[in-house]
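Subject: Structure for your files

Hello,

Here is the structure I said I would send.

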Amino acid sequence: MDVIIHRIRLHDGVDPARFEAWVRDADYATCPRLPSVRAFGVHRVSTERDAPFHYFEIISVSTLDAFSQDMKSEAFQGLADAFDTMASVVEEMSGERVEPGYRAVP
């Protein structure tokens, strides 16, 4: 499984509450329509205007190639268009997890 991490900075004047509502109502809701996405989460870092970035997102995908194909879909393009009105990705990194990783069992 591959992971993509984006550092996100809001455009000047964008209310963090507006962005977070969009994340919950649109971004998360669209994930089931993107077959390559295995897990997705957006994390708040800072709401200070002068912060170098305000959020980061972690996208776990089956493969980077499969996600690239999903990025061509109408569903993804709708997300990208809305995102671009509110924020920018200021840094991207991706990699493959060194398996098996660790996850605590409840």
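A polar contact, as used below, is a pair of N or O atoms within 3.5 Å, where one atom must be able to donate a hydrogen and the other to accept it. Please keep in mind that this is a predicted model.

I begin with H6, which sits in strand β1. With a relative accessible area of 10%, H6 counts as buried, because the cut-off for that is under 20%. Its side chain makes a polar contact of 2.6 Å with the side chain of E57. A polar contact of 2.6 Å also links the side chains of H6 and E92. Once neighbours within four places in sequence are set aside, the residues in contact with H6 are Y55, F56, E57, I59, V89, E91 and E92.

Next is helix α1. It covers residues 16–30, and at 1.5 Å a residue its 15 residues should span 21 Å; the C-alpha atoms at its ends are 20 Å apart, which agrees. At the start of α1, a side-chain oxygen of D15 comes to within 3.1 Å of the backbone nitrogen of A17.

Which residues of α1 are buried? They are P16, F19, E20, W22, V23, D27 and T30. An α-helix has 3.6 residues a turn, so residues three or four places apart point the same way. The buried residues of α1 pack against the strands β1 (2–10), β2 (37–44), β3 (55–61) and β4 (87–96), and against helix α3 (74–86).

Last, V23, which lies in α1. The helix has a kink of about 40° centred on V23. V23 has a relative accessible area of 5% and is therefore buried. Leaving out residues up to four places away in sequence, V23 touches Y28 and V42. From C-alpha to C-alpha, V23 and M1 are 23 Å apart in space, and they are 22 residues apart in sequence.

Regards

Terms used: Residues numbered from 1 in each chain as written. Predicted model: local features only at pLDDT ≥ 70, side-chain atom pairs only at ≥ 80, totals over all residues. Heavy atoms only, no water. Helix = DSSP H or I, 4+ residues; strand = E, 2+ residues; numbered from the N terminus. Expected span 1.5 Å × (residues − 1). Bend = angle between axes of the 7 residues up to and from the residue. Buried < 20%, exposed > 50% of the residue type's maximum accessible area, 1.4 Å probe, protein only. Contact = heavy atoms within 4.5 Å.
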